[in-house]
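Here's a quick tour of a fold, written for someone who likes to know the cut-offs behind each term. Have a look at the model first, then read on.

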Amino acid sequence: MSNLFSFSLLRTSKIDEGVYSYRLANVEAQHDTLTNYGMRDRLVFTFELAMDDRQEQLVQRFTVSQSPASRYMRFMQMLCNAYRTTKLDLRELIGSTGMLTIAHSQDEKGNVFENVVSMQPSTKETEEAEDMEHGI
């Protein structure tokens, strides 16, 4: 239960840095979302993480961008590397499992965010992704 009497204007991480077992619960496309840079499309990944005695949700939101330096493209590169492919249908990954690594980042205001920095899908899903790429 959260303490409603404790408040901070700064965001803190809810999940510690580390390696966690995951299940990708959902991938959602959000079209024409208002951002600081106007209307943009976003992808929202929802992971279920196995913690010691409980399950936590980790939501990762990405503004779609083709810039190689963008947070979105860095995540998609990591995802493609994890599945050893250059092309994915993200909907087919829903329900997949494996291990992921979370690291924290901090913005200029001091807010702390969780970021998925690496993934190791379960072997079965990795093999199925390779089969899909090769048309098997």
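Two strands pair if DSSP finds at least two bridges between them. Strands themselves (E, at least two residues) and helices (H or I, at least four) are DSSP runs, numbered from the N terminus. One thing to keep in mind is that this is a predicted model, where local features need pLDDT of at least 70, side-chain atom pairs count only at pLDDT 80 or more, and totals for chains, interfaces and linings use all residues. Residues are numbered from 1 along each chain as its sequence is written, and side-chain values use heavy atoms, with hydrogens and water left out.

**The sheet and its helix**

How many bridges join strand 2 to strand 3? There are nine, and the two strands run antiparallel. T46 stands opposite V59 in strand 3.

**The core**

In soluble globular proteins, nonpolar side chains tend to be buried together. A nonpolar core is a set of buried Ala, Val, Leu, Ile, Met, Phe, Trp, Tyr and Cys residues joined through side-chain atoms within 4.5 Å. Buried means under 20% relative accessible area, exposed over 50%, and partly exposed in between (1.4 Å probe, protein chains only).

The largest such core has 25 residues, and F45, F47, L49, F75, L79 and M119 touch the most other members. Strand 1 (18-35), strand 2 (38-50), strand 3 (55-63), helix 1 (71-82), strand 4 (97-106) and strand 5 (112-121) each supply at least two residues. Which element gives the most to this core? Helix 1 does, with six residues. Leaving aside residues up to four places away in sequence, L79 touches F45, L88, L90, L93 and M119.

**Aromatic rings**

The structure holds five aromatic pairs. Rings of Phe, Tyr and Trp (its six-membered ring) pair if their centres lie within 6.5 Å; planes under 30 degrees apart count as stacked, over 60 as edge-to-face and the rest as tilted. Y22 and F47 make an edge-to-face pair, at 5.7 Å centre to centre with 85 degrees between the planes. That pair links distant parts of the chain, with Y22 in strand 1 and F47 in strand 2, 25 residues apart. Both Y22 and F47 are buried.

Why is the pair of F45 and F47 stacked? The ring centres of F45 and F47 are 6.5 Å apart and the planes are at 10 degrees, so the pair counts as stacked. F45 is buried at 1% relative accessibility, and F47 is also listed as buried at 1%. Y22, F45, F47, F62 and F75 form one aromatic cluster.

**Charged side chains**

Moving on to charges, the structure holds five salt bridges. A salt bridge is a side-chain nitrogen of Lys or Arg within 4 Å of a carboxyl oxygen of Asp or Glu. Among them are these:

| Salt bridge | N to O distance |
|---|---|
| D53 and R54 | 3.9 Å |
| E56 and R54 | 2.9 Å |
| R91 and D89 | 3.0 Å |

D53, R54 and E56 are linked in a network of salt bridges.

D32 is not a glycine, although its phi is positive, at about 50 degrees. D32 is found in strand 1 and counts as exposed, at 53% relative accessibility. R84, another residue other than glycine, has a positive phi near 50 degrees. R84 is in the loop between helix 1 and strand 4, and is exposed with a relative accessible area of 52%.

Notes: Contact means heavy atoms within 4.5 Å.
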